[in-house]
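Biologist: Could you walk me through the strands of this model? I'll ask, you answer.

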Amino acid sequence: MQAYASAPVYDLAAHTVTWTERAGGTPGDVVRVGMQMYRDDIPTGRAWRWRLAAARTGTSVKFPTLPPVAGFDFNPIASDTVAIDDLTMMRLPGGLAPWRTTIFAPLAQTLTGTTGHVAVQTLYVPEL
């Protein structure tokens, strides 16, 4: 796998998580991203989480723009705290399609059989 060269960053305007990779290695064919958001608001703040898995097409992945739900805009805004807590690159037999229903489960629990190869690189996020 190509090693990460920088921590991932979320671009508010583009709704995109980007990262850089070192040269060499084999690129993954699937990317999994997890983000936690917090909006400080009166009378109380709100926290939520997004998870997205997609076929890897480069060193970025675009999140959808969501319509407001019950008067709340779940798209991160400039005053929100956004933390990317999962950036996992994978090379999976068959790409994303056969893994779509289990892509967020621990991979060790979803692997079956004795043939093929799986390569995984995960972002290290220390506990606070």
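Biologist: How many of the ten residues of strand β3 are buried?

Modeller: Happy to start there, with a note that this is a predicted model in which local features need pLDDT of at least 70, side-chain atom pairs count only at pLDDT 80 or more, and totals for chains, interfaces and linings use all residues. Residues are numbered from 1 along each chain as its sequence is written, and side-chain values use heavy atoms, without hydrogens and water. Buried means under 20% relative accessible area with a 1.4 Å probe, protein chains only, and strands are DSSP runs of E, at least two residues, numbered from the N terminus. By that cut-off β3 (residues 30-39) is mostly covered, and the count of buried residues is eight.

Biologist: Which residue of β6 is the bridge partner of Y38?

Modeller: Two strands pair if DSSP finds at least two bridges between them. β3 pairs with β4 (residues 46-55) in the antiparallel sense over ten bridges, and there Y38 has A47 as its partner. β3 also pairs antiparallel with β6 (residues 81-91), over nine bridges. On the β6 side, the partner of Y38 is T81.

Biologist: Which residue in β5 stands opposite V17?

Modeller: β2 (residues 16-18) and β5 run antiparallel, joined by three bridges. Opposite V17 stands V61.

Methods: Buried < 20%, exposed > 50% of the residue type's maximum accessible area, 1.4 Å probe, protein only. Helix = DSSP H or I, 4+ residues; strand = E, 2+ residues; numbered from the N terminus.
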